[in-house]
Amino acid sequence: MKTVMPSRHVSVYGSAFPVFWMPPVIFLASLAGALGCSSSLMVDSPIVHWGATVTANCTIRRNHCPFLGDGEIQMMWKLDGQLLHGVQSSLGDGVEFSSVTLGPLNRTAVSLSCWVLKEETQHILNLKQIVAGYPPSQPQNLTCTMNDTTRDLKCQWDPGEDSLIKVQATLKGFRSQSGCAVLLDPIPDCIPKVDQNSCTISRQHLQLYQTMAFRVMVRNGLGVAQSELLCADPMDLVKLDPPSVQSVQSVPEETHCVSVAWEAAKDSTYMRQLCDLRYRTDGDQEWTLSQWKQVQPLAYGHTMAVVYSAIKSQPTDSSPVQNITSSTRQVQHCGFLFGTSYQFQMRCQKFGARYMSDWSPTKTFTTHEDSGHVPSGELDAWWKTKPGEAGQGTQVQLLWKAMKPKEAKGKILGYWVALSPRPHNGQLPTLCNTTELQCNFSLPPGAERIYLMAYNARGASPPTKVSLQKKGVAVPRIHASPLAENSITVSWDPPGGPTSGYLIEWQKMTSADPSYEAEMSWTRLRNGEEKQILIQENIEPYQRYNISVYPLYNDGVGMARHTEAYTRQKAPSDSPKLYPGSIGKTTAQLHWEPIPLELRNGFVTNYTVFWICPNDDMSSAVVNSSVNTLTITGLRPLTMYKVHIMASTAGGSTNGTILMLYTKATDDMDISFAYLLIALLLVMLIILVICFHKSKKMKLQFWPAVPDPANSSLGKWAPAVLQEEVFPVNKSGELSPIIITAILMLEKDKKKCLSCEKSEPPKPILDGPWSGPSNADAALPPSSPKPAPHVNHSQSVQYAKVLLDSYHRQQAAPSSLYLRSNSTQPLLGDFTPSPEPYENLWFHGNQPAGEHSCSFQEDAIFLEGALTDFPLLQGVKIDGDEDLSNF
């Protein structure tokens with residue numbers, strides 16, 4: 001079983017391992033016996049020096065291991081489970097032998113085991129535990145004290161350096177002669193408990209009033225060590241129980257003296273004792289120790305009285321004292337102050353013994369007052385001001401320290417604060433009259449100073465002037481450095497002008513705004529040449545203090561210079577509260593609240609923010625202590641992050657709680673940009689629509705104007721008779737391909753040209769059969785056929801419709817006429833298909849030359865406009881070059 005030893009760490013093969021102690025016992029595995037094998041594992045020593053080498057041997061007999069049988073076997077070694085290579089050999093008669101060398105051993109305990117490999121199966125044969133360490137160190141500082149009540153002797157010692165191996169300590173005692181030069185019969189050994197460095201020898205084994213010798217012996221597997229010999233009479237090692245102070249009284253004859261009576265402990269009543277007396281005033285941290293000299297013994301029955309002198313010192317164990325042998329003791333001491341509360345304690349020791357008792361419980365006594373004197377001396381006062389409310393003067397908080405007992409001349413009954421040191425009209429203009437050490441009042445306008453006085457039963461002290469004006473330059477520099485846990489050294493550079501002194505003020509800082517009546521401490525230096533002071537009052541570790549230095553001038557107080565300081569720093573007791581801010585796709589904003597001043601335990605040097613996602617390494621960012629926000633960048637979208645913050649001071653760091661963050665898929669900026677883009681597109685679309693609506697030219701760029709034959713002048717022209725006209729063919733009859741989607745066929749009038757008539761334009765041709773006469777009918781001769789009713793059908797057509805005379809459809813060369821249309825519908829209806837193949841139906845027939853003059857002019861104008869307005873007509877194939885000579 002391993003036991004942790006806390007004293008030392010060691011390096012094993014270049015690595016650091018904690019030290020474990022293992023008992024110096026050889027652990028033999030019972031596994032081999034369970035398998036029915038006879039084997040042995042031997043090492044040089046189960047306990048070795050640290051860093052030593054060890055050789056181990058393992059032997060096995062085949063005839064005692066049935067599972068081995070015949071065949072080759074392999075022996076192996078393992079050190080704490082790690083495979084080692086040894087040297088194997090056969091000794092004959094079925095005996096297999098293997099050896100291995102270990103080292104240097106840099107571990108406190110290792111397990112070495114011997115194994116055999118048979119048919120790929122490992123079998124353990126034996127196991128041993130090896131421990132490494134150092135020989136025991138020599139015990140130091142053996143001290144023994146006897147209890148005054150039980151008379152048992154308790155000895156304790158310092159064990160020295162840890163040997164990394166369990167040691168066995170024994171306290172030995174001997175009777176002796178010739179100052180322990182000769183040791184006689186030993187007494188029974190005293191064995192201490194586990195992990196203890198002390199042991200108690202009972203009274204029955206001690207020889208009182210005779211010299212005895214004592215020593216401590218320690219032993220482990222690597223050696224033995226023993227302490228130096230302690231030679232003493234057990235009674236000289238006694239430590240008495242503390243005495244008790246029975247009473248303290250004033251001596252009537254000597255008004256500044258007191259008489260202290262005490263009683264020795266019950267079991268030390270008849271011993272010759274030496275005692276110390278110490279006392280101090282209430283609130284004082286330093287004791288006054290009395291060194292006693294016998295002046296004249298006075299017998300009061302069983303009471304001895306002795307007069308002593310006193311000096312100011314710290315308690316010591318070597319103060320010369322006068323032994324008193326009576327059961328009740330009483331001493332007188334002089335030099336006490338009037339009307340002052342004192343604390344008294346005593347301690348005693350057996351005459352000739354080595355040890356003093358503990359100090360007795362405290363006894364408090366107040367000396368009587370001096371009724372014949374008034375207080376003397378000045379009061380140490382300081383003040384704070386703040387603006388008053390409307391209609392009131394400046395609010396002043398005046399603080400002062402209690403008058404010293406030697407100056408108080410008795411009990412101080414109260415304090416006066418007045419505007420004048422002298423009464424006016426038999427009365428003082430009092431601002432405050434209190435028994436406390438502070439008061440608050442409203443300062444009248446124009447007042448620059450006040451006066452403070454203390455009074456007792458006999459009268460008031462001289463007034464202490466307190467100037468309430470702050471003027472003059474401050475010290476240029478101030479520096480504070482800790483000296484101990486409860487003290488700070490403050491130094492400064494003097495100002496340019498002469499000063500009468502300095503006032504040093506310090507106050508514990510809190511998270512809340514400093515209260516007007518917050519507790520503060522101060523001290524006054526009346527020497528203007530001083531530049532340093534040690535402050536110890538009301539100073540605690542791990543607390544921040546605001547320290548101020550005010551130079552004092554003859555006519556007032558100078559301005560303050562401030563600094564902050566800790567006496568000792570450690571890790572903060574709390575961590576900042578972390579809050580999430582704006583979280584985006586790849587960024588996250590964090591902010592935190594500062595740690596309260598009371599829990600910082602030092603100056604916060606920086607904050608460290610850590611964040612990590614499940615499949616990534618941890619990242620961190622360090623920010624200054626004055627910063628309370630941080631924006632993390634480079635995050636992954638739609639990812640969960642763990643974030644925490646660490647606050648650091650010079651004394652350590654503290655981690656905060658974990659905050660979970662989940663990044664977004666898109667940023668708000670992306671959404672805003674998308675909305676902005678959509679808005680821009682809408683605006684552009686609206687602008688384009690307006691432009692298209694307002695600008696005809698732009699409209700024509702996208703939707704060019706398509707002529708509507710139905711609303712053209714030709715579409716509304718319905719001639720009665722069209723004379724045939726022969727048009728010349730341009731360029732030897734070659735025509736460009738013309739595409740005509742619809743052709744309106746009209747029978748030409750051989751005798752009359754419609755365009756030459758002066759009558760009003762003909763009406764458009766209606767859908768359906770002609771039911772009545774029209775202008776066109778009147779113009780035709782009776783024998784001429786009417787145009788076929790195929791114009792302006794209700795079904796949609798494109799560009800033009802084709803009208804054919806019903807009874808001329810079978811003629812070889814019917815005459816035709818083009819009419820425009822404004823319709824944009826599909827070209828031909830089901831009942832007006834285009835002729836297949838396309839034919840030139842243009843004015844077939846013979847027409848006299850004289851008749852060309854009127855009708856041809858109009859037809860030429862029409863054809864010229866038709867080819868211009870109807871580009872698809874250019875794709876029509878026209879047959880008959882003789883009729884197109886003028887086309």
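So, Asp 195: at 76% relative accessibility this one counts as exposed, where exposed means over 50% relative accessible area, buried means under 20%, and partly exposed is in between, with a 1.4 Å probe and protein chains only. Asp 195 sits in the loop between β15 (182–186) and β16. For the labels, helices (H or I, at least four residues) and strands (E, at least two) are DSSP runs numbered from the N terminus.

Ground rules, quickly. This is a predicted model, so local features need pLDDT of at least 70 and side-chain atom pairs count only at pLDDT 80 or more, while totals for chains, interfaces and linings use all residues. Residues are numbered from 1 along each chain as its sequence is written, and side-chain values use heavy atoms, with hydrogens and water left out.

Most residues other than glycine have a negative phi, and most peptide bonds are trans. Leu 164 has a positive phi too, about 70°, and is not a glycine either. Leu 164 lies in the loop between β13 (153–158) and β14, and with 1% relative accessibility it counts as buried. Then there's a cis peptide bond between Gly 103 and Pro 104, with omega at about -5°. You'll find Pro 104 in the loop between β9 (95–102) and β10 (109–118).

Next, the sheet. Which order do the strands take? It's an open sheet of 4 strands, β16-β13-β12-β20, with mixed pairing; two strands pair if DSSP finds at least two bridges between them. β16 (198–201) and β20 (238–239) are at the edges with a single partner strand each, so one side of each has no neighbour in the sheet. Strand β12 (residues 140–147) runs parallel to β20, and 2 bridges join them. Asn 147 is the residue opposite Lys 239 in β20.

Over in strand β14 (residues 168–177) there's Thr 170. Thr 170 is buried, at 11% relative accessible area. What does Thr 170 touch, leaving aside neighbours within four places in sequence? Its contacts (heavy atoms within 4.5 Å) are Asp 189, Cys 190, Ile 191, Arg 215, Val 216 and Met 217.

Now the aromatics. A search of the whole structure gives 14 aromatic pairs. Rings of Phe, Tyr and Trp (its six-membered ring) pair if their centres lie within 6.5 Å; planes under 30 degrees apart are stacked, over 60 edge-to-face, and the rest tilted. One of the pairs is Tyr 279 with Tyr 342, edge-to-face at 6.1 Å centre to centre and 70° between the planes. Tyr 279 is in strand β23 (residues 273–281) and Tyr 342 in strand β28 (residues 341–350), so this pair ties together parts 63 residues apart in sequence. Both Tyr 279 and Tyr 342 are buried. Trp 382 and Trp 383 make a tilted pair, 5.5 Å centre to centre with 35° between the planes. Trp 382 is buried at 1% relative accessibility, and Trp 383 is buried at 3%. There's also one aromatic cluster made of Tyr 279, Phe 336, Tyr 342 and Phe 344.

Last topic: charges. The whole-structure search finds 15 salt bridges, meaning a side-chain nitrogen of Lys or Arg within 4 Å of a carboxyl oxygen of Asp or Glu. Take Arg 347 and Asp 276, whose side chains meet at 3.2 Å, N to O. That pair links distant parts of the chain, with Arg 347 in strand β28 and Asp 276 in strand β23, 71 residues apart. Arg 347 is buried at 6% relative accessibility, and Asp 276 is buried at 0%.

Then look at Arg 477 and Asp 493, a salt bridge at 3.1 Å, N to O. Here Arg 477 is in strand β38 (residues 477–484) and Asp 493 in strand β39 (residues 487–493), 16 residues apart.
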